[in-house]
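Biologist: I have a few questions about this entry. Could we go through it chain by chain?

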Amino acid sequence: MGFSDIIWMGLIIAGTLYLLYRSVWKKKGHCAGCDSQTCELKKSNR
Amino acid sequence: MSVEFKVQSSESVAAGFSLRSAKKTVTVAVAGNPNSGKSTLINAIAGTRLHVGNWPGVTVEKKEAVFEYEGTRIRLVDLPGVYSLSPYTQEEIITRDYLVHEMPDAIINVVDATNLERNLYLTVQLLELEIPVVMALNIYDEAEKKGYAIDAKAMEEALGVTVVPTVATRKNGLYELLKAVIKLADHPASRHPKKLNYGEDIESAARIVESLIQDGYPSLAEKYPQRWLAFKLMEKDDHVQNELTITSDALSIEEAVRHLKKAHEEDVESIMADARYAQAAGLTREVLKRPELRKMELTEKIDKIALNRFLGIPLFLAAMWFMFKLTFDVSKPLGDWMNTMTSGPFKRWAEAVVGLIHAPSWMSSLVTDGVIAGVGSVLVFVPVIFAMMFFITFLEGSGYMARAAFVMDRAMHAIGLHGKSFIPMLLGFGCNVPAIYATRTLENQRDKALTALLVPLMSCGARLPVYVIFIGAFFPAHAGTVLWSLYVMGIALAIVMGLIFKKTLFKGEAPMFIMELPPYRMPSMRSLLIHTWEKGKHFLIKAGTYILAVSILVWFLLNLPWGVENKKDSYLGQVGQVAAPVLKPLGFGNWEAASSLMAGVIAKEIVVGTMGEIYVKTTGEEKKTEQPAFTDDLKELGTSFGAALVDSAKNVFSTLKITSLSAEEDEQRAGLKSVIQSTFTPLSAYAFITFVLLYMPCVVVAIAMRQEFGTWKWFGIAFAYQMALAWLVAFVVYQGGTLLGIGG
């Protein structure tokens, strides 16, 4: 395994952790409807 | 909380007109009783997809839709359904605060024409706010079917409002409604709500209070509708008194209402309620003509059986069983198709792409053994999840779910809750997260917290993939029944835990609540498909986001430290081995099961995804066979999907005869199942799925609980009791079964 492989792995793990944080914590699991409090986010993203 | 929807649907009423540049914005609040069709009306007008269900309490918060109509920008605000504007429930407070503080340009009062008197009670209170009102006399077709004749002209004259008969589900009368709203907004003086006369005693007291407000608090007289404010102060409305920081005593209101109280020998709130009911009843007598002899309606006929005190619960359980059997039978061909595709063409295409970019071998393994095996294992169950959501939506839309809550009312009272608490629990069959948020429809904090603690015991759609793979492996001949047993177990344990909580954390009796039973309706296919999609798309988004993320992380944990030969020695394997002894008495004390359960705390489907990764043959182990061409794969994809659809349709008609998830498994599907069959016994498999049903709520439910209650306390309690309960029940299942010599 070379240095570039380690860099790639680090990037993938960092991206994955960010995706996990964003989808579970920030987007509240993308759960259905406005009752999940995601509407504010939808609005601000618009 | 609000969201702005742009009108895009060509099927919406508003979109039927050419859009011109907007001149001004008219804010219109949509208010009405629960289940009077407010959300349906807004969806039909603006082409939005607000959640609609044939049961009360679907809209918890106010929501907005903005669109342009004939040069006017209209902002429709969907308020929660309420029976009155008294400040007892959160819905009533949200609705009243909005109307009083925001003072919209007009109110569309959605009135259920089949239930005029009860709906007019709210109308009478809306008129007190002195905001122009347009009444949508909704569900007018059903009223006509019942033989009702409503004199809309007489109603307009009596109330000083514009009355438009509508059928929101068919979009009838909506153009007229919008025109009336625009006209009213352009010329507010054209129709002014009438001041209904509540009788001389009340009116004279109100006049005195109004003059007291004008003299003592002129700024309030400008800010609030005077007549409404006078009534609220006479009623000693706590919410208003706190907000205004004045008390009825400070204004000498007690003096003003002394005669009123003396004459009626009741408190002013009751006197006012009687007066409003009298207005609603009198108006109904004036405008409504019912047929002389009323036949027993279909709803009543069905309810005679569905709500029977002995048959109600068995029928509910039978309906659930039938729903699960149908879910399995309908989704099986599509699930098999999905499995064939993910393990065949999709995997080959991913490998081809990875080969094309000359990715290193570890990255190729990450894609095929991590992403495809992990996410693919979950995607296979998308058809079953959508089928389940379709049938749940059908039961909601038909009005049966409200009956389910009603028949469970007695059981709920035993645990200190009322049937209304069962509605969030039923929503939990789809996903526990919206169910946690739906607890806000309940009256007090005690009910909300207790219901939220019990919601995670309701088996959500995310647990289905785990059940399906295990049931398919061990109980193919009785798939529907085994699945049904899990859901019933969830409900039964919720009742048991409710009893325990009632004796410990939540002492006290359930408050009285009268539950509305809407008429049975056949939901339209369009509405069914839209709401099935709304419910089910969440699982697709999950697969593309955090299930993908966890699959990648699990792959790394299974391959670190780098170069590890045996997955058992990987980081994930090592952690699994630490936890495995705890699960040994439950019959699945192996590191694979322990690791999968731990990964499943993010989302329960991940249990299957992780098993898929653990048990997958590492790339290179498989025999190299001749690869079909891309075009052959595409052709196969299309033809096999068509065949799967035909099989699904056939299964709908033959569902009572066919053996779902039959033993004739195709080879591709046998992969993960055959490994599971060699690792588990039928008994340990049942113990395992029982554990998955009951063990801790997923991370997103934890976040929802934290957000709804402002503390981690309730999640902490849910976590602790569910882990203990899951272990205990799985222990009893496995050890009890072993002792009895079942399924070992």
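Biologist: What percentage of the residues of chain A count as buried?

Modeller: This is a predicted model. Chain A has 46 residues, and 24% of them count as buried.

Biologist: How many helices and strands does chain A have?

Modeller: Its secondary structure consists of two helices and zero strands.

Biologist: Turning to chain B, which residues of α22(B) are buried?

Modeller: They are B:D447, B:K448, B:A449, B:L450, B:T451, B:A452, B:L453 and B:L454. That is eight of the ten residues in this helix, which spans residues 445-454 and is mostly covered.

Biologist: And what covers them?

Modeller: The cover includes α20 (422-427), α21 (432-438), α24 (479-503), α33 (699-709) and α34 (713-740), which belong to chain B.

Biologist: Now the strands. Which way do the residues of β7 of chain B point?

Modeller: B:T162 and B:V164 point one way, while B:V163 and B:P165 point the other way; all are buried. Strand β7(B) pairs with β5 (residues 133-138) of chain B in the parallel sense, over four bridges. Within that strand, B:V163 is the bridge partner of B:M135.

Biologist: Which residues touch the most other members of the largest nonpolar core?

Modeller: B:F470, B:V550, B:A687, B:F688 and B:I689 do, in a core of 143 residues.

Biologist: What is B:F688 in contact with, leaving aside neighbours within four places in sequence?

Modeller: B:F688 is in contact with B:F470, B:F588, B:A593 and B:F680. There is also a second, separate core of 85 residues, which includes B:I213, B:A230, B:M234 and B:V268.

Terms used
Residues are numbered from 1 along each chain as its sequence is written. Chains are lettered from A and ligands numbered from 1 in the order in which they are written. This is a predicted model: local features need pLDDT of at least 70, side-chain atom pairs count only at pLDDT 80 or more; totals for chains, interfaces and linings use all residues. A residue is buried if 20 or more other C-beta atoms lie within 10 Å of its own, exposed if 12 or fewer, and partly exposed in between; C-beta atoms are placed from the backbone. Two residues are in contact if their C-beta atoms, placed from the backbone, lie within 7 Å. Two strands pair if DSSP finds at least two bridges between them. A nonpolar core is a set of buried Ala, Val, Leu, Ile, Met, Phe, Trp, Tyr and Cys residues joined through C-beta atoms within 7 Å.
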